[in-house]
Every structure is written in C-alpha cells, then in structure tokens.
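Please keep the sequence and the structure in view while reading.

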Amino acid sequence: MRIHISTTDTAPIYAQIVAQVKHLVASGRLAPGDEVPPIRALAQELLINPNTVARAYRELEAAGLFESRQGSGTRVSAKGTPLARKERVRILSDRIDGLLAEAHQLGVDDAALLELIEKRRRALRPKEDTP
Amino acid sequence: MNDSTPNAAPLECSGLSRSFRRTQALDDVTFRVEPGQVFGLVGENGAGKTTLMNLAMGLLRPSAGTIRIFGMDPVMQPEKTLAKIGYLSEDHDLPGWMRLHELMSYTAAFFPDWDQDYAERMREQFQLDPAAKVRQLSRGQRALAGLLCAMAHRPPLLLLDEPSSGLDAVVRRDILGAIIRTVADEGRTVVFSSHLLDEVERVADHVALIRQGRLVETGSMDGLKARHHRVTLRFAEPQAHAPHVSGALAAQGGGREWTLTLEGDWPAIQSALAALPAEIIEHTAPTLEDIFVARAGRQAAQV
C-alpha cells in the first residue's frame, strides 16, 4: 500500500490517507480481500502519529472500504466494487470541476472545451488502452 | 505534598511565568497534556520552549504559577518526578570522556526501572558502537545515545527539547520513529519542542504555539486546522490594500489576487467574504506553518 503524506498538502493527514486509499481501491491497485498494514506499522513507515492512521482506518471502515476482524487484521472489503465505481466518478468529477474552472478563467467556452477534449482523446487513443 | 495520582495529567501548567532579570521568558502559560498525547511545543528560538522544559524538569523555579508532573511539583519532589520523565536536552550534553557502554550503566544507576534489554535493542537499532567514546560520536549519534538514555527506563512521560534540530534526515527518521513507537506500543505521553513545523504537524496530535513567552494558541491539531481557513480571492478591480475581513489573521498578495488566512466558522467567514467585490477562487485548510506565521504576525502587530 503506497501512500505519500505531504504536510504542504492542504488536506489533513488522515484525509490524505483516506483519499489515497480510495484512489488505490478505485484504480484496482488495492484489490478486495487484500490485507492492509497494521496501524502502528503504517504510522512507523509514514512517520506520523498512530492516532491519525487509526482515524483514517475508522473512516475507511465506516465508508465500507475496509473490514477489520479480530485476529485477522484489516482487509480491503470484498464488497468494495460498487463503492469504488462511485469513487471513480468522484475522482473524475473533481478533476473536471478544476478543468471547468480553469477553462472559465482562461476564457475558453464550453463548446471549445468539449472540442478540445475530443481532440485530445483522439490524440491519446492509440497509446492508451481504455477499459 | 501529594504523590503522583493515577488521574493526574502527565504535565500541567497554570499561570506559569518565569523571568530572568528583566527578560520575561514565560508569561502566564496555562495548558494541560493528557495521557497518550503527542504534544508539540512550537515556537521560534527564544520563545520560551527550553525554559518550559527546564521548569518541567525542576531545574528552574517558576516566578509565578505552577507546573505539575503527574500532579507532583518537580522542585519539591525531584526524585519522584524525574523517575517518571525521560528527558533529552537540546544540546545532547553527555559526558564526552565516557564510552557508550559506560554512559549506559552510569545512567542506569539513576533509574531503578532501567531495562537493559530494551537499552541494548535500541543501541543495536541505532547502530551505536558500545566501545566508542561519546566525544567521538557524530552529532546524530550523540542525539540517539541521548534518546536511548532518556527512554530505557520506559518513562511514562518523554520530554524532548528540539530532538531533531540540526540533524540529518536519517537520524531525524530514527528519532521520530522512536517517538511514534513510544506512543503506539505503550501509550506513553510525549512532549516535544520543535521549530520544524512540518515535523510537528506529522507527529503531534496536540500543539501549543508559544511566542515571546506567551501561549498564542493550544489545542488538538485537527481542531486547530478545522478552525483556520486559507482563501484566495480574485477581485474585480486591483486592490491597493489587503482586504479587511473579520477573522482575517494575515493577508498576502496584491492587485486583483489576495490570499487570506482566517480564523472562525466557515459559514461566518463565507458571509463576510460575500460582502467583498471578489470571488473565492480557492478555499483550503492552512498548514500548521501557515497558522503559526499568521498568528505570530498578528501577535506582533498588537504589541
């Protein structure tokens, strides 16, 4: 589970963990049933307060992404897929919001933006395999 | 005199003041550290952090107010207090002529609860040569030796004064890792001072910001971050001065674009900002450094 914490990032550290885990699950790099590191191991690795990791794990459990069972540690929930789909939409929506705001700032109208997206899609299609 | 009580806070100060001749090093400082917290004392050099540490150790007497360690007065009950504290001073002042193994047995003699196996495990983990003279150790190795001596009696309260100041990244990792392990494995309390705010933001769950001997702000890291906002505004027309908004602690920028650091509830701030001829182009949580710089600046401006 590769997580990168930045204190120059404006999100609180626990929220960075939650967001990155959701990203890992949505992109399939964390699969349902995968074991995740124990709280103290991740705290050691990232050099952050263990309570922060515990809070992130609690939120991930509450969101249904993690399951913890006594004795068998914490795993990525088996029923993670529909949530992951929602999360994919959310991740992309965030990016699109940013793109729309930037286009607005630059004075590019919606039609021109859509045209540009289509143009870029065609340019990238040969290199990128779409799911 | 009370002995330590199970419910007493690991460290509590109330109206704590200390002056040296005409300098007020600490001025009416009140806060409480609860068991299991990693408490970061933040301030510039000379803010009063080391004075606070020395008062906690009983090395100084308060000019006014009180400081208690597990309910005990460190000046009146030095032995009982010191048994509960693991202390690492800023300058890692260890006797240079001793070999490391001598330093370890010398320190062990002061602490009935010294755990030699644990001390040896730390020594191996920190890759310290037991036969090396303290004087020959690098600055980082001396810091680790000091940390080992502070921790081997498994104190319920670890007091670290600028533990990683002036050290390279590898040693800093070792020291921060030791702090985290102390808390994660054993639920002990850590109070550490630092001017490295990114480090404090990672490791501490509670903070006190000290400036010129006064407590500027204290509370949980999450609460502190939730109460502060950083907003970038884009004005219709260039502005000659920073916009005046209630709750604003600091402003940067110029012309049409200004970034404000504000304190307060977001809905209240939002309605205050709505009165300005500007649109909010970004709203984020500030870093601890942003908050500290903004609050320190405000404090200075009020003097």
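In which strand of chain B is the place of B:Gly86? The residue belongs to strand β5 of chain B, which covers residues 85-88. The model discussed here is a predicted one.

**The surroundings of B:Gly86**

Is B:Gly86 buried or exposed? B:Gly86 has 23 C-beta neighbours inside 10 Å, and it therefore counts as buried. Apart from its neighbours within four places in sequence, B:Gly86 is in contact with B:Ala150, B:Met151, B:His153, B:Pro155, B:Leu158 and B:Leu159.

The secondary structure of chain B consists of ten helices and twelve strands, whereas chain A has five helices and three strands. Read from the N terminus, the elements of chain A follow the order α-β-α-α-β-β-α-α. Chain A has a radius of gyration of 18 Å, while the globule rule gives 14 Å for 131 residues; the chain is therefore more spread out than a compact globule.

The table below sets out some values for each chain.

| Chain | C-alpha extent along the principal axes | Residues in the chain | Share counted as buried |
|---|---|---|---|
| Chain A | about 55 × 30 × 25 Å | 131 residues | 25% |
| Chain B | roughly 70 × 45 × 35 Å | 303 residues | 43% |

In chain A, among contacts between residues at least 6 apart in sequence, 58% join residues at least 24 apart. In chain B, residues 24 or more positions apart account for 71% of the contacts with a separation of 6 or more.

The largest nonpolar core has 104 residues. Those that touch the most other members are B:Val42, B:Ala56, B:Leu147, B:Leu148, B:Ile179, B:Val190 and B:Val191. Which residues does B:Val42 contact, leaving aside its neighbours within four places in sequence? They are B:Ser194, B:Leu197, B:Val200, B:Val207, B:Ala208, B:Leu209, B:Ile210 and B:Phe292.

B:Ala56, also named among those core residues, is one of the buried residues of helix α1 of chain B. This helix covers residues 49-56 and is mostly covered, with six of its eight residues buried. The buried residues are B:Lys49, B:Thr51, B:Leu52, B:Met53, B:Leu55 and B:Ala56. After α1(B) comes B:Gly58, which has a positive phi, near 80 degrees.

**Strand pairing in chain B**

Strand β10 of chain B, residues 228-239, is antiparallel to strand β11 of chain B, residues 248-263, and eight bridges join the two. In this pairing, B:Arg230 stands opposite B:Thr261 in β11(B). β10(B) also pairs in the antiparallel sense with strand β12 of chain B, residues 278-284, over six bridges. Here B:Leu233 stands opposite B:Ile280 in β12(B).

**The domains of chain B**

According to the domain assignment, chain B has domain 1 (11-212) and domain 2 (224-302). The C-alpha centres of domain 1 and domain 2 of chain B lie 36 Å apart. The contact takes eight residues from domain 1 of chain B and eight residues from domain 2 of chain B. On the side of domain 1 that touches domain 2, α7 and β8 (206-211) of chain B each supply at least two residues. α7(B) gives the most to this side, with four residues. By class, the residues on this side of domain 1 are five nonpolar, no polar and three charged.

**The contact between chain A and chain B**

How many residues does each chain give to the contact? Chain B gives 21 residues and chain A gives 15 residues. On the side of chain B that touches chain A, the elements giving two or more residues are α6 (169-186), α7 (197-203) and α8 (221-227) of chain B. Of these, α6(B) gives the most, with eight residues. This side of chain B has eight nonpolar, three polar and ten charged residues.

Notes. Residues are numbered from 1 along each chain as its sequence is written. Chains are lettered from A and ligands numbered from 1 in the order in which they are written. This is a predicted model: local features need pLDDT of at least 70, side-chain atom pairs count only at pLDDT 80 or more; totals for chains, interfaces and linings use all residues. The radius of gyration is taken over C-alpha atoms; the globule rule is 2.2 Å times the number of residues to the power 0.38. A residue is buried if 20 or more other C-beta atoms lie within 10 Å of its own, exposed if 12 or fewer, and partly exposed in between; C-beta atoms are placed from the backbone. Two residues are in contact if their C-beta atoms, placed from the backbone, lie within 7 Å. A nonpolar core is a set of buried Ala, Val, Leu, Ile, Met, Phe, Trp, Tyr and Cys residues joined through C-beta atoms within 7 Å. Ala, Val, Leu, Ile, Met, Phe, Trp, Tyr, Cys and Pro count as nonpolar, Asp, Glu, Lys and Arg as charged, and the others, Gly among them, as polar. Two strands pair if DSSP finds at least two bridges between them. Domain bounds come from an automatic or database domain assignment.
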